[in-house]
Amino acid sequence: MSTSAAASASAVGIESKIRARGLNAWYGVFHALKGITLEIPARRVTSVIGPSGCGKSTLLRCLNRMNDTIRSFRAEGELLLDGADILRETDLVRLRKRVGMVFQRPNPFPLSVFENVAYGPRIHGERNRGRLAEIVERSLAATGLWAELRDRLAENALALSAEQQQRLCISRLLAVGPEVLLMDEPCSALDPVATRRVEELMQELKRDYTIVIVTHNMQQAARASDNCGFMWLGELKEFDETGTIFTRPKDPQTEGYVTGRFG
Amino acid sequence: MSRWIRFVGWLFTSLTGLCCLMILAMVVIILGDILVHGAPGLSWEFVSAEPRVGMTEGGIFPAIFGTVALVLLMTAAVVPLGVATAIYLHEYAAQDSRVVHLVRLALQNLAGVPAIVFGLFGLGFFVQFAGGGLDALFFGGRLAFGQPCILWAALTLAVLTLPTVVVATEESLRAVPKSYREAAYSMGATRWQVMRRVVLPQSVGGMLTGAILAISRGAGEVAPIMFTGAAYYLPYLPKKLNDQFMELGYHIYVMTTQSPDVEATLPILYSTVLVLLLVTFGLNFTAVIVRSRIRRRLRQT
């Protein structure tokens, strides 16, 4: 650990899960991420806020290489997961198994509840019916869905409410056994009550998982995250503990954004 | 002024409505005429016996059998080829690549080629080149596949209907929401796993729609098969891939143009046309049933 940020992180006994240093990314000629440097602590909720188009989703999608499908996309710099280079990882299956993603709109497959959750273990080679059932129960229980849906496992997932669908998507991800959960505005399609439940869920999940959430809902970042970064035009303007960002921001633009003066 | 505008509006509504009525009238007249003249000739003998007495008596069973066999063979050839082409074009190929552009251009052109040209192409490519080649290589020059037969006729029809299947399949692949693919990829699915478990189950209905359209198109075509395998008169059924066969559409063509006594064949002609329509309808209906079965099974799992 050479940077002072890393030193301070380890000083308080927090290990970092993901580390970026001088991360740059482009879509064609558009410079989307400009020299991002940050440390995402393990088993904490880290939020990234900023106005639309600031690059926060791009940053998130770098972490499990979801932008690889975009041909004009290019990323350079250092991005480490437990010290291993993400950008030069050749085994994307292994990377995404460790770093999974929850999307803005709940996107369960048009299959049964059971099949949705069993999908991940299945593609990673689990065939045993008993073990699959066990994984499905455990994953649904982790999001509180088991109690609600234990008798409706054969029902089509599209028949669930939006909030249940989103929790199902989280369960589906947990079934793969990831270490990092990336959430791209996971509550923007949900009503306030449902949003609160997902936020509570994040608090429970952070005991076992490292969570990175992108949101343009500042209250959500303030409520649900331990660390927070503010992005503006592709730059990470400030990255600190969430309380500090919202009460004593150092950057004037951060202050302008969190106090609602623009954005 | 406003009265004039209202008049134009009324005129336009009437004209467009009239066009719709005309189409409706044409369908009713055609179907009605065929039904009125064709229905009396329908009998068990007609659909189960061979033609007799210069095709003025007997039945058309060989032609019915030949049509169904031809269409099934064609479907077996065109669906895998068309679906594979569409999957490559839509899922695997880089969308801005020159090859994809060329393949799409070729497909569009293929869709615009007149049917008779396919017939001549089939004769030259399948019968003479492919068939002749097979004979020279495997049959010591003896005539086996180097002649018009049901296999070459089916393949010629398959080429004709290929664009239909490709377009329908691509359409159905495009209809699979991007979010499903993203979800699967983000859990570490490989491209094949995303195809196999997410995309294909979602789009199989559209692929079968392509097959249905191909059947509708292929079952009525005469020009592509007249040089490549359809026979004027065969009292027996095709048993091997290199047998010739009778076909309803071709049979109709022959009876109208080549019969020694056109007047005498007229009742049979009408009934044959009716049977062709029924067979085409029946094949379509079967395909629709198969599609809804598969869709239902997919929804359950």
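Strand β7 of chain A, covering residues 180-184, is largely enclosed by the rest of the structure, because five of its five residues are buried. The model described here is a predicted one.

The residues of β7(A) are divided between two directions. A:V180, A:L182 and A:D184 point one way from the strand, A:L181 and A:M183 point the other way, and all of them are buried.

Strands of a sheet pair through backbone hydrogen bonds, in either a parallel or an antiparallel manner. For β7(A), one such partner is strand β6 of chain A (residues 99-102), which runs parallel to β7(A) and is joined to it by four bridges. Within this pairing, A:G100 has A:L181 of β7(A) as its bridge partner. Another partner is strand β8 of chain A (residues 210-214); β7(A) and β8(A) also run parallel, with five bridges between them. Here A:D184 stands opposite A:V214 of β8(A).

Strand β8(A) is in turn joined to strand β3 of chain A (residues 45-49) by four bridges, and these two strands run parallel. A:V45 has its bridge partner in β8(A), namely A:I211.

| Strands of chain A | Bridges | Direction | A pair of residues facing each other |
|---|---|---|---|
| β6 (residues 99-102) and β7 | four bridges | parallel | A:G100 and A:L181 |
| β7 and β8 (residues 210-214) | five bridges | parallel | A:D184 and A:V214 |
| β3 (residues 45-49) and β8 | four bridges | parallel | A:V45 and A:I211 |

These pairings belong to a wider arrangement. Six strands of chain A form an open sheet in the order β6-β7-β8-β3-β9-β10, and the pairing in this sheet is mixed. At the edges stand β6 and β10 (235-241) of chain A; each has a single partner strand, so one side of each is left without a neighbour in the sheet. On average, and with direction ignored, neighbouring strands of the sheet are turned by 20° against each other.

Together, β7(A), helix α8 of chain A (residues 192-205) and β8(A) make a right-handed β-α-β unit.

### Two loop residues with positive phi

A:E185 lies in the loop between β7 and α8 of chain A. The phi angle of A:E185 is near 45°, a positive value in a residue other than glycine. A:E185 counts as partly exposed, because it has 19 C-beta neighbours inside 10 Å, and a residue is buried if 20 or more lie within that distance.

A:R65 is found in another loop, between α2 (56-63) and β4 (73-81) of chain A. Its phi is near 60°, again a positive value in a residue other than glycine. With 20 other C-beta atoms within 10 Å, A:R65 is buried.

### Chain B

The secondary structure of chain B consists of eleven helices and two strands. Along the sequence, these elements follow the pattern α-α-β-β-α-α-α-α-α-α-α-α-α. The C-alpha trace of chain B spans about 80 × 70 × 40 Å along its principal axes. Chain B has 301 residues, of which 39% count as buried.

Two packed helices are described by the angle between their axes and the distance between the axes. Helix α3 of chain B (residues 61-92) packs against helix α6 of chain B (residues 150-174) at an angle of about 40°, and their axes are 6 Å apart. The angle makes α3(B) oblique to α6(B). The crossing of these two helices, α3(B) and α6(B), is right-handed. Which kinds of residue make up the contact of α3(B) with α6(B)? They divide into 22 nonpolar, five polar and three charged.

Two further residues of chain B are buried and lie in helices. B:V194 is part of helix α8 of chain B (residues 191-219), and with 21 C-beta neighbours inside 10 Å it counts as buried. The C-alpha atom of B:V194 is separated by 47 Å from that of B:C19, and the two residues are 175 residues apart along the chain. B:H251 lies in helix α10 of chain B (residues 248-257). B:H251 is buried as well, with 29 other C-beta atoms within 10 Å. B:H251 and B:Y233 are 18 residues apart along the chain, and their C-alpha atoms are separated by 8.3 Å.

Conventions:
Residues are numbered from 1 along each chain as its sequence is written. Chains are lettered from A and ligands numbered from 1 in the order in which they are written. This is a predicted model: local features need pLDDT of at least 70, side-chain atom pairs count only at pLDDT 80 or more; totals for chains, interfaces and linings use all residues. Axes are lines fitted to C-alpha atoms, for helices over the stretch in contact, and angles run from 0 to 180 degrees between N-to-C directions. Angles under 35 degrees count as roughly parallel, over 145 as roughly antiparallel, 65 to 115 as roughly perpendicular and the rest as oblique. A crossing is left-handed if the near helix is turned anticlockwise from the far one by less than a right angle, and right-handed if clockwise. Ala, Val, Leu, Ile, Met, Phe, Trp, Tyr, Cys and Pro count as nonpolar, Asp, Glu, Lys and Arg as charged, and the others, Gly among them, as polar. A residue is buried if 20 or more other C-beta atoms lie within 10 Å of its own, exposed if 12 or fewer, and partly exposed in between; C-beta atoms are placed from the backbone. Two strands pair if DSSP finds at least two bridges between them. A crossover is right-handed if, with the strands pointing away from the viewer, the path from the first strand over the helix to the second runs clockwise.
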